[in-house]
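Subject: Structure for you to look at

Hello,

Here is the structure I said I would pass on. Please have it open while you read the notes below.

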Amino acid sequence: MPWEEPLASQCAWVFLAPLTVTLGLTLCNPHDDGKGRYCYAVFAGSIAWIAVYSYLMVTWAQVIGAAIGLPDIIMGLTFLAAGTSVPDLLSSVIVARQGLGDMAVSSSIGSNIFDVTVGLPVPWLLYMAFTGAPVNVSSDGVAFSIFILLCMLASTVIIIASNGWALTKTLGFTMFGLYFVYVYSSRLVSAGIIHA
């Protein structure tokens, strides 16, 4: 515990303790003298811990959503999406402040493309390789969701172009509005109000 630090730092230390303790006890620091040869093992261990943390995050989100009466789709589109997008947000903010707007946008879009083209199929392929059984994926409302996403993409480009390709507060509030429209429409599909 950093007793000499301000209260905010102490609270952050307590909040991050489960992560730092599990990682510190199981992975070495490859930057330490003589431990550079373990860098690949540390990388593999980090990926394994990300899988464990992701599983726990999804499970806890389902439990909390059930406890407070929120459907899984709302928990996924809000809390889980926000939690997994924070690293992208931070990296995009850092490079945008350096004047690299194209890198900020490509980072956010690229991470989603990577999730869909690698993050989903690789675990499915591994599952099918080890079990020999196909993966059953619920596809209720996928056509409508794709249509909404394409509309959101077109709206985003039009709104940004109408703002002179500049990031403004108005643009930010508009993006929030579009996000809530998407969440609401996805909720209607999951509830069966809209059939697609």
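Leaving out neighbours up to four places away in sequence, Ser185 is in contact (heavy atoms within 4.5 Å) with Phe144 and Ile148. Before more on that residue, some background. This is a predicted model, in which local features need pLDDT of at least 70 and side-chain atom pairs count only at pLDDT 80 or more, while totals for chains, interfaces and linings use all residues. Residues are numbered from 1 along each chain as its sequence is written, and side-chain values use heavy atoms, with hydrogens and water left out.

Confidence

pLDDT is the predictor's confidence in each residue, on a scale from 0 to 100. The chain has a mean pLDDT of 83, with 95% of its residues at 70 or more. Where pLDDT is low, the predicted coordinates should not be read in detail.

Ser185 lies in helix H7 (residues 169-190); helices here are DSSP runs of H or I with at least four residues, numbered from the N terminus. Its relative accessible area is 8%, so Ser185 counts as buried (buried is under 20%, exposed is over 50%, and partly exposed is in between, with a 1.4 Å probe and protein chains only). The side chain of Ser185 also reaches the backbone oxygen of Tyr182, at 2.8 Å.

Is Ser92 buried or exposed? Ser92 is buried, because its relative accessible area is 12%. Ser91, at 29%, is therefore partly exposed. Not counting residues up to four places away in sequence, Ser92 touches Ala104, Ser107 and Ser108. Ser91 and Ser107 are 16 residues apart in sequence, and their C-alpha atoms are 7.9 Å apart in space.

A nonpolar patch

Val116, Leu120, Trp124, Leu125, Tyr127, Met128 and Val137 form a nonpolar patch on the surface, with about 650 Å² of accessible area together. Such a patch is made of residues with over 30% relative accessible area and no salt bridge, its nonpolar side chains joined within 5 Å. A salt bridge is a side-chain nitrogen of Lys or Arg within 4 Å of a carboxyl oxygen of Asp or Glu. Areas come from the Shrake-Rupley method with a 1.4 Å probe. Helix H5 (residues 121-131) gives the largest share of the patch, four residues. Val116 sits in helix H4 (residues 101-119) and is exposed, because its relative accessible area is 53%.

Regards

Methods: Patch = residues over 30% accessible without salt bridge, like charges linked within 9 Å, V, L, I, M, F, W, Y side chains within 5 Å. Helix = DSSP H or I, 4+ residues; strand = E, 2+ residues; numbered from the N terminus. Polar contact = N/O pair within 3.5 Å; in protein donor to acceptor, adjacent residues only side chain to side chain.
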